Amino acid sequence: MALPQPMKSWDVAVMGEIYTDHVFSGFQHWPAPGEEVHAEHYLRELGGGAVNTACGLARLQRRVRLIGLIGEADRAWFETRLEGLGVSAEGLRSHPANTGVTVSVSTPQDRSFYTYLGANRHLTELLDETVVHAELIAARHVHFAMPLAADLARRLLPVLREAGCTTSLDVGFSPDWLRDPANHETCRAVDYFFPNQAEARLLSGDDGVEAFQQWATSMAIRHAVIKLGASGAVAVEHRGLLRVAPPHVDAVDMTGAGDAFDAGFIDGLLNGESAEECLRRACICGASCTTRIGALDGLPDSFSLRSIYEQTYGT
């Protein structure tokens with residue numbers, strides 16, 4: 001059964017960090033100290049987990065409210081680019097600080113990031129505003145693409161649950177947040193928690209999926225999903241671990257793959273799909289994202305998702 005939607009303006013509200021991405025890709029190896037290597041491709045693009053997941057959901061025909069902070073100088077560019085991707089910029093607030101910036105350096109196997117937070121430093125203040133709370137509760141599902149402050153989570157998440165919203169959390173690679181026991185309560189309070197393998201290791205202290213399963217079980221995490229890149233994904237279920245392999249693709253850039261994964265999973269969730277079906281959709285979206293440079297141009301639409309699904313998993 002699909003999630004109920006009584007008088008909701010949006011399917012999903014996505015709140016989180018927003019960046020201008022500078023994506024360098026096509027490196028054959030990482031440079032040694034003092035060494036210069038040359039990228040085969042460069043792209044300037046909208047970025048950040050919130051933008052990537054919101055655009056992924058919009059490609060799947062979901063009504064999305066994107067909420068975050070940008071510098072005023074970038075507003076016209078954001079509005080034009082988001083409109084072309086089916087997302088309104090009305091939920092973006094202009095801030096005196098500059099838009100955050102991320103430099104992504106990517107090979108076909110992995111990627112690294114260099115980040116300036118900019119206006120994103122003030123996200124917690126924005127999220128504490130009553131008008132933002134009203135925007136969030138107008139959605140069926142609320143996705144946080146940010147390290148959510150523990151005290152704010154304690155106040156806000158019960159309000160969202162009371163309003164009938166389901167919630168998900170992807171904090172990105174935030175080691176200090178993940179290591180702080182005060183934030184484990186937040187992982188437990190949301191409905192779905194989406195770490196990747198490196199983030200899961202910081203929580204469990206071990207690379208193995210089984211170690212994270214033990215941690216998630218001991219913490220009474222409602223639903224935890226580990227993103228494993230080219231190895232697919234694993235959901236920690238009450239009955240054990242549920243593993244799904246991704247479709248085969250020719251990957252050229254890993255930027256945004258985890259955010260696209262989140263969009264695919266949430267899309268399945270809104271349709272009332274099983275955990276396995278949600279994982280399959282998520283793996284397709286994550287894998288498809290890697291076939292183009294940058295996080296947005298490889299996002300699949302509903303037709304592409306269905307076609308790849310049938311080729312990979314059958315009807």
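Helices here are DSSP runs of H or I with at least four residues, numbered from the N terminus. With that in hand, welcome to this predicted model.

Helix α1 covers residues 49–59, and asparagine 52 is part of it. Is asparagine 52 buried or exposed? Its relative accessibility is 3%, and because buried means under 20%, asparagine 52 counts as buried. Leaving out residues up to four places away in sequence, asparagine 52 touches Leu46, Gly47, Gly256, Asp259, Ala295, Leu296 and Leu299.

Ten of the eleven residues of α1 are buried, so the helix is largely enclosed by the rest of the structure. Those buried residues are Gly49, Ala50, Val51, Asn52, Thr53, Ala54, Cys55, Gly56, Leu57 and Ala58. Which elements cover them? The cover includes the strands β1 (10–16), β3 (41–47), β4 (64–71) and β8 (139–145), along with the helices α2 (75–84) and α10 (257–270). After α1 comes glutamine 61, which has a positive phi near 70 degrees.

**Glycine 264 in α10**

One of the covering elements, α10, is also where glycine 264 is found. Glycine 264 has a relative accessible area of 0%, so this residue is buried. Glycine 56 is itself among the buried residues of α1. When neighbours within four places in sequence are set aside, glycine 264 is in contact with Leu60, Cys278, Arg281, Ala282 and Cys285.

**A helix pair: α4 and α5**

Two packed helices are described by the angle between their axes and the distance between the axes. For helix α4 (residues 130–137) and helix α5 (residues 150–162), the axes come within 10 Å and cross at roughly 40 degrees. This crossing is right-handed. On the α4 side, the contact is made by His133, Leu136 and Ile137, and on the α5 side by Leu156, Val159 and Leu160. By residue type, the contact has five nonpolar residues, one polar and no charged.

**Empty spaces**

Rolling a probe the size of a water molecule over the atoms shows where empty space is left. The structure holds one cavity of 30 Å³ or more. Which residues line the largest cavity? They are Gln197, Ala200, Arg201, Ser204, Asp206, Asp207, Gly208, Val209, Phe212, Ile226 and Leu228. Two elements, α8 (197–204) and α9 (209–218), each give two or more residues to this lining. Helix α8 gives the most, with four residues.

The second largest pocket is lined by Phe24, Phe27, Trp30, Pro31, Val37, Val105, Ser112 and Tyr114. The table sets out the volume and the lining of each space.

| Space | Volume | Residues of the lining |
|---|---|---|
| Largest cavity | about 40 Å³ | five nonpolar, three polar and three charged residues |
| Second largest pocket | about 170 Å³ | seven nonpolar, one polar and no charged residues |

Technical notes. Residues are numbered from 1 along each chain as its sequence is written. This is a predicted model: local features need pLDDT of at least 70, side-chain atom pairs count only at pLDDT 80 or more; totals for chains, interfaces and linings use all residues. Side-chain values use heavy atoms; hydrogens and water are left out. On a 1 Å grid over the protein atoms alone, a cavity is a set of points where a 1.4 Å probe fits but cannot get out, and a pocket is an open set with protein on both sides within 12 Å along at least five of seven lines; lining residues have an atom within 4 Å of a point. Grid points are joined across faces, edges and corners, and a volume is the space filled by probe spheres set on the points. Ala, Val, Leu, Ile, Met, Phe, Trp, Tyr, Cys and Pro count as nonpolar, Asp, Glu, Lys and Arg as charged, and the others, Gly among them, as polar. Axes are lines fitted to C-alpha atoms, for helices over the stretch in contact, and angles run from 0 to 180 degrees between N-to-C directions. A crossing is left-handed if the near helix is turned anticlockwise from the far one by less than a right angle, and right-handed if clockwise. Contact means heavy atoms within 4.5 Å. Buried means under 20% relative accessible area, exposed over 50%, partly exposed in between (1.4 Å probe, protein chains only).
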